[in-house]
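I opened this notebook to record what I looked up in one structure. The entries follow the order in which I worked.

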Amino acid sequence: MRFSDEFVFGTATASYQVEGAHDQGGRTPSIWDTMCRTPGKVANGDTGDVACDQYHRWEEDLEIIKGLGLDAYRFSISWSRVIPDGVGAVNREGVDYYRRLCQGLHEAGVKAVATLYHWDLPQVLQDRGGWAARETAHAFADYARAMARELGDVVDTWSTLNEPWCSAYLGYGSGVHAPGHVDALEALRAVHHLNLAHGLASAALREELGPDVRICLTLNLHVIRPASDGDSDVAAARKIEVVGNEAFLQPVMEGRFPEELREITKGVTDWSFVREGDLDLCHQVPDILGINYYATSTVRAAIPGEASLSGGHGETGVSPWLCCEDVTFLAPEGKLTEMGWNIDPSGLVELLVRTARRYPGQELMVTENGAAFDDDVAPDGSIHDEDRIDYLRGHLGAVGEAIEQGARLTGYFEWSLLDNFEWSFGYGKRFGMVRVDYDTLKRTVKDSGKWYADLARTRDLAAVGADWVARD
Ligand code: FCB
């Protein structure tokens, strides 16, 4: 498989996971700062206070991206850094940071893909209800408009939200993510307000930047397999798809409310907070539908009384799969990553081809894919992360296959450029193609980074096949 010269080989990070400088340059706390200060919420008591210190070391990171010859860098803007009060005045120092970063990327010939929301809501807005409150969607649109005005000339692609599934269900449903609430009604309100936020922000971006703006929405669409083809297992899988995928796809891509979701959630809400005209507002088909993919899940109908937790996101004792007590997730099989996630490139082919057929002509990008493994550092300091290379080779093969099957897939972003703060798992899970020594903050390109650089250069999976060896 040869990738075209236009195909974008990128890499991704997110503000809270890499920036650090949590109280510098006028930044106010986000919900993740609060979460990290709540005992028991984050492994090891880790915080993003310093993280990878990208706020101060962005030039070094830019050199690494350049050195790897990558086409694009997907980073996120910290809302509370650029609008410290959540609404209102822009903080010049914060905006200037992103301007310098984007300009640096441009000079290096690397495309700047800016995500507006990768989970770090300003704490002041959480104090007013967070995503459970409709006002937050409007605040988000104002923030998007302000960023369009400030950075519209240097950002190549705008991504509105990263994985609203996590924001809603992990943030307000199971409480494993910030703000750590366990409240089904809040979670469902958040689903709607996030869809609305995407819609309102997209409209604002289009208004400010005109028809050539490139807008992306990134969803972590779930690939759910029924344990058998029996009716009850198939129905169990469909239920998870409705709560996990349809809840976002239908409002944004089709302007429809997913009626099956109403039925599933009727014990929690009648959705009367969805106002007349809202679905038209949500219905802003992105120029690029971004898909984050890591693993698949297999489910079956639960045996009554059986506990039904889904692994893989950290556990609080509450499932993020609201109203799905009658669905059981099977333990993942085969070789697992350090997150406990299975390794199944066929799920990525299936997801991409299915999405391409459902939305013919829709431009797609894989905006995240990658794997956490415990890396060994060799005596000479090098990191021979064969497991990660195998994972990437398999999944880039899947990307190639989906393109051959007709998906309009224009890019792939490896998660992540750097080892970083993996949310409630803290620094324990390493996803980077570049190792970060958290004592010294020294960066070392792993073999997987060299492998990915060779792929980006040759555009040829055969050139980086099983006999590939790392060069210095
Ligand atoms: C995704 C997140 C990203 C990172 C990876 C491992 O869900 O978008 O920030 O944590 O998982």
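Predicted model: local features only at pLDDT ≥ 70, side-chain atom pairs only at ≥ 80, totals over all residues.

The entries below cover the barrel, the open sheet and the ligand site.

**Entry 1. The barrel.** I first asked in what order the eight strands close into a barrel. I traced the order as β1-β2-β3-β4-β5-β7-β10-β11, and I recorded the pairing as parallel. I then looked up the angle between neighbouring strands of this sheet, which is 25 degrees on average, with direction ignored.

Entry 2. I examined β7, residues 288–292, beside β10, residues 363–369. I found five bridges between β7 and β10, in the parallel sense. For I291, I located the bridge partner V366 in β10.

Entry 3. I looked up helix α15, which spans residues 447–458. I found that α15 lies across β1 (8–12) and β11 (409–415). Relative to β1, I recorded that α15 runs at about 155 degrees.

**Entry 4. The open sheet.** I turned to an open sheet of three strands and read its order as β6-β8-β9, with mixed pairing. Which strands form its edges? I identified β6 (224–226) and β9 (327–329), each of which pairs on one side only. I noted that neighbouring strands here are turned by 40 degrees against each other on average, direction ignored.

Entry 5. I checked β6 against β8, residues 297–301, and found parallel pairing over three bridges. Opposite P226, I found V299 in β8. I also looked up helix α10, residues 231–254, which lies across β6, β8 and β9. I recorded its direction as about 125 degrees to β8.

**Entry 6. The ligand shell.** I asked which residues surround the ligand. I listed Q17, H118, W119, N162, E163, Y294, E368, W415, E422, W423 and F431.

**Entry 7. Distances to ligand oxygen atoms.** For W423, I recorded a distance of 2.9 Å from an N or O atom in the side chain to a ligand oxygen. For E368, the corresponding distance to a ligand oxygen is 3.0 Å. I then looked up how much of the ligand is covered: taken alone the ligand exposes 290 Å², and the protein buries 95% of that.

Notes. Residues numbered from 1 in each chain as written. Heavy atoms only, no water. Pairing = 2+ DSSP bridges. Helix = DSSP H or I, 4+ residues; strand = E, 2+ residues; numbered from the N terminus. Axes fitted to C-alpha atoms, helices over the stretch in contact; angles between N-to-C directions. Contact = heavy atoms within 4.5 Å. Near = heavy atom within 4 Å. Polar contact = N/O pair within 3.5 Å; in protein donor to acceptor, adjacent residues only side chain to side chain. Areas by Shrake-Rupley, 256 points an atom, 1.4 Å probe, with all protein chains shown as cover.
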